[in-house]
Amino acid sequence: MDYTKDEMMAIACGREFKDGELAIFGVGLSMLAGYFAKRNHAPNLTAFTEGGIYGSTPVGGLPWGIEDNRISANATSFTNAIDALSMLVASGRVDNAVLGCAQVDKYGNINTSGIWEEGKQPWKSGRYNLPKKRLNGSGGANEIAIGAKKYLIMAKHQKFRFAERVDYISSPGYLNGGKDREKYGYPGGGPAAIITNLGILRPDPISKEFFLDAYFKYSSLEEVQANTGWELKVSPDVKIVPEPTPVELENLRFIDETGFLRK
Amino acid sequence: MREKLTTLAKAAEKIQDGMLIASGGNSLVRSPVAFGIELAKLKRKNLKHCAAAPGLLADILCADGAIDTIYFGFTSFETEYGLAAGMRKGVQAGEIRPVEGACAAIIEALKAGAKGVPFHPVAGMWGSDLIEANPDFYFVAESPIDKVKVVCVKALVPDYAIVHVQEADVYGNARILGPEFQDKIMSRAAKHTIITTERIVDTQSFIDRPKETTIPHFLVDAVVHVPKGAKPGTCYNEYEFPDAFLMSAYLSAVKEDGLPEFIVKYQKKGVLI
């Protein structure tokens, strides 16, 4: 194999972006996936960050954060966080985005807030303020989950991460499935795919429960199922994700100048 | 206009036990770190802090035990430095109450504070567990006109906002180069604002480029000239990368309860302002 598993994951995610889209990315892997898409097949993709940096591409390597100077260097405008998150994202103008998470469930709800001894709904036991592990919080992900026309979730495929139900919904996916999003009148369409280091999950069009749509050459149905915390359904025509082409790899490595995905 | 140039020590003295403070910047970017370090030395208690993505200043004060409540949307030092160590430690020990918003929810709460209204609607939020877990910060309201429901946040009115900028004059006119995040709103929401600045510039430059003024002098109580005042974090157009050595020294110091020693050691070496 002349590529790493992280590179495969970034390329699989990048393939989900189309030319001309307005997009917002998080840090690390998701930013590499997005800018890979721009270089590889979506030259007119426009990206911005939640702090208010618009229209730029990274210069000099992978930014260490979403407001790094590497991502400010060739921006076409600087605004502020409300302009970006409320007026562009939550209002429904963004076409596509990538979110990371600590936990994701079968309806694509994500938890980035904390892990509690009690498991689900910790505020009901009065222990909300005492998490076992306090995580980084909802951040700008909530607006993206609600407002983006569609978005992609990237997560390492591990049983504790892929839960039947997340401990806490930091950012809603399809909530309890079906038409549950409609109750809240969200402008956005919800998560279109969960891209993991083992494969790609997509939501059933009716129930909105995520199923395995495709897996990577080095993975297997058994490995995916063993690392999922719910009874994962598998598409009747489950596919193997095409391996990166030499051109895709070249474009990804141009963006990933510092070799973040090859470590 | 009144001259407001002062020292870090005198500006930090203004912050009293129990106050709600807000600090500008985002994560490792343009956080008023030097001010935070000065304030940590004063051993204040029961401070409350609010920001969309609280930066190093807030984390230092969490690690120092000065903060008992933190309003935030996102607390992390991102790809290379991970979760905000001081805040995480304090919350997990039950010493700091986390009031979790999404980033925009915190800014809308500041916006309510700035306008003098008791609450502000937030786009989105509904359906996440943040609402039910923080009933003293969020509520859901319904428009009597068209019956649409919307999540609202309670106003935040900081006693002090502390904002680090690239350029200010001695009167407090301040200019943020690069994205301003929430800092303009923060200065309008707070009762008082303290500016720390990379450079003191002539007032004429504000007269020449008035559209670029982020914070006007009459909102500002104190101006402190602190070159490199956001280090070991970054500041647009001034220093581009976090100081990797100091950041890991900071994170280990927090882990080992050695923040005071960290401050003394690295200030003595002249690498920490």
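The legends below describe several views of a predicted model with chains A and B.

Residues are numbered from 1 along each chain as its sequence is written, while chains are lettered from A and ligands numbered from 1 in the order in which they are written. Because this is a predicted model, local features need pLDDT of at least 70 and side-chain atom pairs count only at pLDDT 80 or more, whereas totals for chains, interfaces and linings use all residues.

**View 1. Chain A as a whole.** Chain A has six helices and 15 strands, where helices (H or I, at least four residues) and strands (E, at least two) are DSSP runs numbered from the N terminus. The C-alpha atoms of chain A fill a box of roughly 50 × 45 × 35 Å along the principal axes. For 263 residues a compact globule would have a radius of gyration near 18 Å, and the 18 Å of chain A agrees with this; the radius is taken over C-alpha atoms, and the globule rule is 2.2 Å times the number of residues to the power 0.38. Of the 263 residues in chain A, 54% are buried, a residue being buried if 20 or more other C-beta atoms lie within 10 Å of its own, exposed if 12 or fewer, and partly exposed in between, with C-beta atoms placed from the backbone. Among contacts in chain A between residues at least 6 apart in sequence, 68% join residues at least 24 apart; two residues are in contact if their C-beta atoms, placed from the backbone, lie within 7 Å.

View 2. Chain B contains eleven helices and twelve strands, and its C-alpha trace spans about 60 × 50 × 35 Å along the principal axes. A compact globule of 273 residues would have a radius of gyration near 19 Å, and chain B, with 18 Å, agrees. Buried residues make up 58% of the 273 residues in chain B. The domain assignment, whose bounds come from an automatic or database source, divides chain B into domain 1 (5–105 + 156–263) and domain 2 (118–154). The centres of these two domains of chain B, taken over C-alpha atoms, are separated by 28 Å. Six residues from domain 1 of chain B and seven residues from domain 2 of chain B form the contact. On the side of domain 1 of chain B that touches domain 2 of chain B, strand S5 (97–100) and helix H6 (103–115) of chain B are the elements giving two or more residues.

**View 3. The interface of chains A and B.** Here 46 residues of chain B are in contact with 44 residues of chain A. At least two residues of the side of chain B that touches chain A come from each of helix H4 (78–81), helix H5 (85–92), S5, H6 and helix H7 (130–133) of chain B. By class, this side of chain B has 22 nonpolar, 14 polar and ten charged residues, where Ala, Val, Leu, Ile, Met, Phe, Trp, Tyr, Cys and Pro count as nonpolar, Asp, Glu, Lys and Arg as charged, and the others, Gly among them, as polar.

**View 4. Helix H5 of chain B.** H5(B) is mostly covered, since six of its eight residues are buried, namely Ala85(B), Gly86(B), Met87(B), Arg88(B), Gly90(B) and Val91(B). The cover of these buried residues includes strand S9 (133–134) of chain A, together with H3, strand S4 (67–72), S5 and H10 of chain B. Gly94(B), whose phi is positive, near 80°, follows H5(B).

**View 5. Helix H2 of chain B.** In helix H2 (residues 33–41) of chain B, eight of the nine residues are buried. The buried residues of H2(B) pack against helix H1 (8–13), helix H3 (56–63), strand S9 (160–168), strand S11 (192–200) and H11 of chain B. H2(B) is followed by Lys43(B), whose phi is positive, near 55°.

**View 6. The loop residue Ala53(B).** Ala53(B) lies in the loop between strand S3 (47–50) and H3 of chain B, and Ala53(B) is buried, with 32 other C-beta atoms within 10 Å. Leaving aside neighbours within four places in sequence, Ala53(B) is in contact with Gly139(A), Asn26(B), Ser27(B), Gly73(B), Phe74(B) and Cys103(B).
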